[in-house]
Amino acid sequence: MLQDFSSVTLREARPDVVATERLTLRRPTLADVRTIALLANDRRVAENTRRLPHPYSQDDAVEFVRATAALGSETVFLIEHDTGPIGMVGIDCSTPDNAELGYWLGVEHWGRGFATEAARGAIDFFFEEFEDDHLYAGARVTNPASRNVLEKCGFQWSGVQLHRFLALGSSTPVDCFRLSRGVWSSLKSWSSARRMR
């Protein structure tokens, strides 16, 4: 019976909020633009994400929020802690059978376990809402903290590739990872993430 519904109907039925132990993952709005720009406008953040430009302006944030509001192939959540935005997490499904997890945090929020917690919430959302058997992710080889996040979430290393980074204006080596639905199911007890409407 599920196949009778269009993807738009399914997308509209998806939750707007995912709550974890310390974080709230929700859709970004235009009210978040200033904070998103402040957090993202740090070279240390931009050079570890493929699509963030540097410098990152409020106009960039407006364009980003408007793009995420349109129904498309990405699911993007603003990460909030204590009612304040601290970063972003999302899943890009634009390439069939190759959904990819991405995330970033403002520098002042690094090292506190927020990236792992947010990633786990987004991963749970993905495997509960989509039928894909795998989720992919990557981390620059010079970013061991991001690699640790992925490994703590159950991702398994699958090789190294070159990827283009907008802020760097060049390609750089990236450790590639894959998480299967089976591994996720066996690790599901990790999370107290719950969805809210």
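A residue is classed as buried when its relative accessible area is under 20%, as exposed when over 50%, and as partly exposed in between (1.4 Å probe, protein chains only). The structure is a predicted model, in which local features need pLDDT of at least 70, side-chain atom pairs count only at pLDDT 80 or more, and totals for chains, interfaces and linings use all residues. Residues are numbered from 1 along each chain as its sequence is written, and side-chain values use heavy atoms, with hydrogens and water left out.

Side chains of opposite charge can pair when their charged atoms come close. A salt bridge is taken here as a side-chain nitrogen of Lys or Arg within 4 Å of a carboxyl oxygen of Asp or Glu. Under this criterion, 13 salt bridges were counted.

One of these pairs joins the side chains of R44 and D42, with an N to O distance of 2.8 Å. The two partners fall into separate accessibility classes: R44 is partly exposed at 44% relative accessible area, whereas D42 is buried at 17%.

A salt bridge is also formed between R51 and D92, with N and O 3.8 Å apart. Helices (H or I, at least four residues) and strands (E, at least two) were assigned as DSSP runs and numbered from the N terminus. R51 is situated in the loop between helix 3 (43-46) and helix 4 (58-69), and D92 in strand 4 (residues 84-92), so this pair ties together parts that are 41 residues apart in sequence. R51 is exposed, with a relative accessibility of 55%, while D92 is buried, with a value of 16%.

The salt bridge of R147 with D175 places the closest N and O atoms 3.1 Å apart. Because R147 belongs to helix 6 (residues 144-152) and D175 to strand 8 (residues 170-180), the pair ties together parts that are 28 residues apart in sequence. R147 is partly exposed at 26% relative accessibility, and D175 is buried at 8%.

With contact defined as heavy atoms within 4.5 Å, and with residues up to four places away in sequence not counted, T172 touches R140, Q161, L162, H163 and F165.
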